[in-house]
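Take a look at the sequence and the fold, and then we'll go through some of the details together.

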Amino acid sequence: MKVEILQEKLVKGVGLVSRVVSSRPQIPILGNILVVADSLGLHLSGGDGEIFVKTTVGAKVIKDGSICLPARTFSELVSSLGPGKIELSSEKNNLSIVSDSFKGRMNGQDASEFPRSDQDKESSTLKMGPEAVKSSFSKVVFSAALDTSRPALAGVLFRKTPKGLQLVATDAFRLSLVNLNLETKEFTDLIVPAKVLSEVLRMQADLKDDSVKIVLSPSQIGFKFEGGEIFSRVIAGNYPAFEKIIPKESQLQVIVSKNSLEKAVKTAAIFARDSSNIIRIKLKPELELLTVLSSSPTGEQEQELPAKLEGKLGEELSVAFNYRYFLDLLSNTSSEEIVMELNGPLSAAVFRLLNDPGFLHLIMPVRVQN
């Protein structure tokens, strides 16, 4: 292999791939980046056994070839070099790196030892524009469980509906749901690891690509950009029957400024952090007010916000929540106003966006003593 490439391009490509390489891989070869040079450019691949990322970087390929290189060492080395042209050349399992003022050598491994990272036989495809990817994925990934003891909850359900595609994520304490109008003729429901969608969002931001092609096979899902690809295994098993926890109707509907509510919850968090992260949302229908309260051994606070209240609940209502769930919702959505639907202090609260009728979020309240 012999390649000439700009340091800036190589750093960007290595950065995209090295994010998914485990520092403690179960299989030693997965601590490496696969480097392949051919007529299409320089291809960089890496993965952790479940997720694989591949990107192609523009380069002058003088001689085809391939090699596996230690991900951390390779990343740190190319990042430390100054901008300008770099020459990469390999012989057997050694890589020579030369620039204007630098010469170095890295010990690598045979590229044939690296596991196959591309996808099996395709069964169906979807195409999503950049805004659809960014908006829909960011609205669901934060609701997936971080604990993998229940694998399905650590994923996002891709579900076919009569009108298109539905994305659902829940950790049993909250739930996010997004409906998309997409053509899904040959689509089969599947569960995608939430960390894969987070990586798709990062790659989209780095590549600034116009669209993503979603490629499905029986056991894998792939996301293909013009300058990169992500492949992942899907999660086996059944997704919980989430529809049962979504209230069919609400007794009280509250419309409030999203930015004002976010600022109030951030202020309430100052005290809530010392009190099990609990804040209270108090509603006074007769005064058209929403009050955010919190208290702890170090103090207490309350902040009143104007709100539009409609519904059957005539008396004052107080509901306790984990403030982190509120901030996750508010920081991952964009809307001037947010709609909160309530049925009582111990019933699930439903949140909607006036500018996005296809989105729904649910947060379970916290049971506290008065």
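How many aromatic pairs does the structure hold? The count is seven. Before we look at some of them, keep in mind that this is a predicted model.

**Rings that meet**

Let's start with Phe 52 and Phe 114, an aromatic pair in the edge-to-face arrangement. Their ring centres are 6.3 Å apart, with 80° between the planes. The two partners come from distant parts of the chain, 62 residues apart. Phe 52 belongs to strand β4 (residues 51–57), while Phe 114 sits in the loop between β9 (103–107) and β10 (124–128). Phe 52 counts as buried because its relative accessibility is 9%, under the 20% cut-off. Phe 114 is buried too, at 8% relative accessibility.

Next up is a stacked pair, made by Phe 173 and Tyr 325. Here the centres are 6.5 Å apart and the planes are at 25° to each other.

**The cores**

Which residues have the most contacts inside the largest nonpolar core? They are Phe 74 and Phe 158, in a core of 93 residues. Leaving out residues up to four places away in sequence, Phe 74 touches Leu 10, Val 14, Ile 33, Val 35, Leu 69, Leu 95, Ile 97 and Met 106. Another core, of 14 residues, lies apart from the largest one, and its members include Leu 175, Leu 177, Tyr 239 and Leu 360.

**Two residues worth a visit**

Ser 75 is part of helix α2 (residues 71–80). Beyond its neighbours up to four places away in sequence, Ser 75 touches Val 14 and Ser 18. Glu 4 is in strand β1 (residues 2–6). Setting aside residues within four places in sequence, Glu 4 is in contact with Ala 59, Lys 60, Ile 62, Lys 85, Ile 86 and Glu 87. Ser 294 is 290 residues along the chain from Glu 4, and their C-alpha atoms are separated by 60 Å.

Why do Glu 4 and Ser 75 count as buried? Buried means under 20% relative accessible area, so the values in this table put both residues in that class.

| Residue | Relative accessibility | Class |
|---|---|---|
| Glu 4 | 19% | buried |
| Ser 75 | 18% | buried |

**The largest pocket**

Finally, what is the volume of the largest pocket? That comes to about 470 Å³. The pocket is lined by 19 residues, and the ones closest to its centre are Ala 145, Thr 148, Ala 154, Pro 193 and Lys 195. Helix α4 (residues 194–207) gives the most to this lining, with three residues.

Definitions and conventions
Residues numbered from 1 in each chain as written. Predicted model: local features only at pLDDT ≥ 70, side-chain atom pairs only at ≥ 80, totals over all residues. Heavy atoms only, no water. Core = buried A, V, L, I, M, F, W, Y, C linked by side-chain atoms within 4.5 Å. Buried < 20%, exposed > 50% of the residue type's maximum accessible area, 1.4 Å probe, protein only. Contact = heavy atoms within 4.5 Å. Helix = DSSP H or I, 4+ residues; strand = E, 2+ residues; numbered from the N terminus. Phe/Tyr/Trp six-rings, centres within 6.5 Å; stacked < 30°, edge-to-face > 60°. 1 Å grid on protein atoms, 1.4 Å probe; cavity = no way out; pocket = protein on both sides within 12 Å on 5 of 7 lines; lining within 4 Å. Points joined across faces, edges and corners; volume = space filled by probe spheres on them.
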